[in-house]
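Subject: Structure handover

Hi,

Here is the structure I promised to pass on. Have a look at it first, then read my notes below.

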Amino acid sequence: MNSSKLYVTCPACGKRLCRAVPGSELEQDCPKCQSLVLVQVDPDGKVSTKIIDTKTAS
Ligand SMILES: [Zn+2]
């Protein structure tokens, strides 16, 4: 089976966030560390993640 779905993990804490398909771009909140993560998957299936907002602990 040739699945093109990829798992996206939080770059800050390693929590598995969601699945993505090649060519997609999405924003995902991490439920564990509350970081807002920008996820980009290029057409080759290379996943890049970037934290674009971090909620500091109160
Ligand atoms: Zn996280």
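Before we get to who sits across from whom, one term: two strands pair if DSSP finds at least two bridges between them. The strands themselves (E, at least two residues), like helices (H or I, at least four residues), are DSSP runs, numbered from the N terminus. With that in hand, you can find Glu27, whose bridge partner in β4 is Leu38.

Two things to keep in mind. This is a predicted model, where local features need pLDDT of at least 70 and side-chain atom pairs count only at pLDDT 80 or more, while totals for chains, interfaces and linings use all residues. Residues are numbered from 1 along each chain as its sequence is written.

The overall picture

Of its 58 residues, 16% are buried. Here a residue is buried if 20 or more other C-beta atoms lie within 10 Å of its own, exposed if 12 or fewer, and partly exposed in between, with C-beta atoms placed from the backbone.

The strands

Start with β1 (residues 6–9) and β2 (residues 16–20): they run antiparallel and are joined by 4 bridges. Across this pair, Tyr7 stands opposite Arg19 in β2. The hairpin of β1 and β2 has 6 residues between the strands, and Gly14 there takes a positive phi near 85°.

The other strands form an open sheet of 3, in the order β3-β4-β5, with antiparallel pairing. Its edge strands are β3 and β5 (47–53), each of which pairs on one side only. From one strand to the next, the twist averages 25°; for angles like this, axes are lines fitted to C-alpha atoms (for helices over the stretch in contact), and the angles run from 0 to 180 degrees between N-to-C directions. Between β3 and β4 there are 5 bridges, again in the antiparallel sense. Besides Glu27 and Leu38, Glu25 has Gln40 in β4 as its bridge partner.

The core

Which residues make up the largest nonpolar core? There are 8: Val8, Cys10, Leu17, Ala20, Cys30, Val37, Val39 and Val41. (A nonpolar core is a set of buried Ala, Val, Leu, Ile, Met, Phe, Trp, Tyr and Cys residues joined through C-beta atoms within 7 Å.) Both β2 and β4 give two or more residues to this core, and β4 gives the most, with 3. Contact means that the C-beta atoms of two residues, placed from the backbone, lie within 7 Å.

A residue to look at: Gln34

Gln34 is in the loop between β3 (25–29) and β4 (36–41). Those two strands form a hairpin with 6 residues between them, and Gln34 in the turn has a positive phi of about 70°. Is Gln34 exposed, partly exposed or buried? Gln34 has 15 other C-beta atoms within 10 Å, so Gln34 counts as partly exposed. Not counting residues up to four places away in sequence, Gln34 touches Asp29 and Lys55. Cys10 is 24 residues from Gln34 along the chain, and their C-alpha atoms are separated by 9.9 Å.

Cheers
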